[in-house]
Amino acid sequence: PEPERQTVTDLQGRRGELTMTLAMAPSSTSNSARAMHRSAACGTLGRASVPRAVRAASRLAPARAVSEDVVQMATGFGAVVGGGAVARFVQGATDPEVRRQQMADEAGGDELRSVGDYFSGEGFQRWRRIYDDEAEDVNKVQKDIREGHAKTIDIALEWFGQDLDGVTVCDAGCGTGSLTIPLALRGAQVSASDISAPMAEEAGRRYEAAAQGRQGCVQPNFEAKDLERLSGSYDTVACLDVMIHYPDSKMEGMVGHLASMAQNRMIISFAPKTPYYSFLKRVGELFPGKSKATRAYLHAEEDVERALVSEGFRVVKRDMTATNFYFSRILEAVRV
């Protein structure tokens with residue numbers, strides 16, 4: 001019926017950013033969510049607490065309830081949605097795998113190409129605003145992501161230090177230049193690339209604006225290129241918030257390729273795979289929003305570190321950024 005279909009449309013219209021590096025954080029205002037976090041930290045998720053957490057998550061972006069019927073989702077827990085034909089419609093419309101497989105099919109079955117298509121179109125417009133501190137047309141979720149990403153960038157910049165004259169850096173997946181620009185302003189010679197040409201072009205424009213009237217800056221080399229086609233040799237290879245687009249089966253190869261270009265050091269960040277974050281990611285995927293998004297992969301820290309060790313690197317620093325809708329583990333590894 002039309003009223004139920006409209007309600008489903010409202011459900012789809014929730015914040016789509018919950019499908020990327022997004023999740024509820026332990027700072028949720030819900031007591032039940034905080035209780036779930038405490039149990040998750042111990043490696044357990046009580047079945048009684050999970051439905052309450054789902055309800056707490058839904059209050060972040062309220063939508064009308066379709067009915068009181070319960071449909072079992074892939075998590076093994078229940079989510080309150082419509083019954084009968086409406087339930088099937090909701091599952092088909094909101095199942096992240098269905099939506100993202102459609103994106104891959106549109107790109108000829110190439111998931112990497114679908115990522116590039118997303119960040120060259122609709123995704124570029126969204127993330128350009130998120131990464132622009134002066135942009136005001138962002139919602140509460142997007143602003144939280146902006147702040148979380150900025151914290152990760154600040155950690156990396158602190159590890160780089162101030163005196164970067166003559167230091168060569170590869171910024172793989174530079175986005176709009178959040179890391180590249182401050183490094184170049186400190187004198188580093190940065191080769192910055194992104195799978196999205198609009199992203200790389202935007203980064204170039206932002207560098208020109210930031211460098212105007214300043215001394216000691218070094219013009220970065222911006223180019224549109226996917227990670228697999230990068231080459232060269234650099235003092236440091238940085239790759240922040242990019243691994244989320246790579247499944248476990250490709251993560252080791254990604255780390256290996258980056259390591260082959262790093263003479264001395266690697267700085268990488270990723271969304272960590274834990275029972276708690278895995279559950280919250282799945283909750284976020286139940287509210288995909290109108291816009292399409294790419295798959296978001298979490299990675300176990302021990303797996304990432306093992307891949308670094310196998311390439312002759314040792315982790316010497318690690319840190320974590322966790323806001324309400326953004327979580328990222330960052331590692332610094334040096335060649336041994």
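A residue is termed buried when its relative accessible area is under 20%, exposed when this is over 50%, and partly exposed in between (1.4 Å probe, protein chains only). By this criterion, buried residues make up 54% of the 336 residues in the protein chain. The structure is a predicted model, in which local features need pLDDT of at least 70 and side-chain atom pairs count only at pLDDT 80 or more, whereas totals for chains, interfaces and linings use all residues. Residues are numbered from 1 along each chain as its sequence is written, and side-chain values use heavy atoms, with hydrogens and water left out.

The protein chain contains 13 helices and nine strands; these are DSSP runs numbered from the N terminus, helices being H or I with at least four residues and strands E with at least two. The accessible surface comes to about 15000 Å², of which carbon and sulfur atoms hold 48%, as computed by the Shrake-Rupley method with a 1.4 Å probe, with only the protein chains shown counting as cover for residues. Of the contacts (heavy atoms within 4.5 Å) with a separation of 6 or more, 69% join residues 24 or more positions apart.

Helix 11 (residues 248-261) packs with helix 13 (residues 301-310) at an angle of about 40 degrees, and their axes are 9 Å apart. Axes are lines fitted to C-alpha atoms, for helices over the stretch in contact, with angles from 0 to 180 degrees between N-to-C directions. Helix 11 and helix 13 are therefore oblique to each other, a class left after roughly parallel (under 35 degrees), roughly antiparallel (over 145) and roughly perpendicular (65 to 115). M251, E252 and V255 of helix 11 meet D303, V304, A307 and L308 of helix 13.

F160, found in helix 8 (residues 140-160), is buried, with a relative accessible area of 7%. Beyond residues up to four places away in sequence, F160 touches V169, L179, L183, T236, A238, R265 and I267.

D117, in helix 6 (residues 111-120), counts as partly exposed at 43% relative accessibility. D117 and A197 are 80 residues apart in sequence and 9.9 Å apart in space, C-alpha to C-alpha.

D241 is placed in the loop between strand 6 (234-239) and helix 11. D241 is buried, with a relative accessible area of 15%, and has a positive phi near 55 degrees. Most residues other than glycine have a negative phi.
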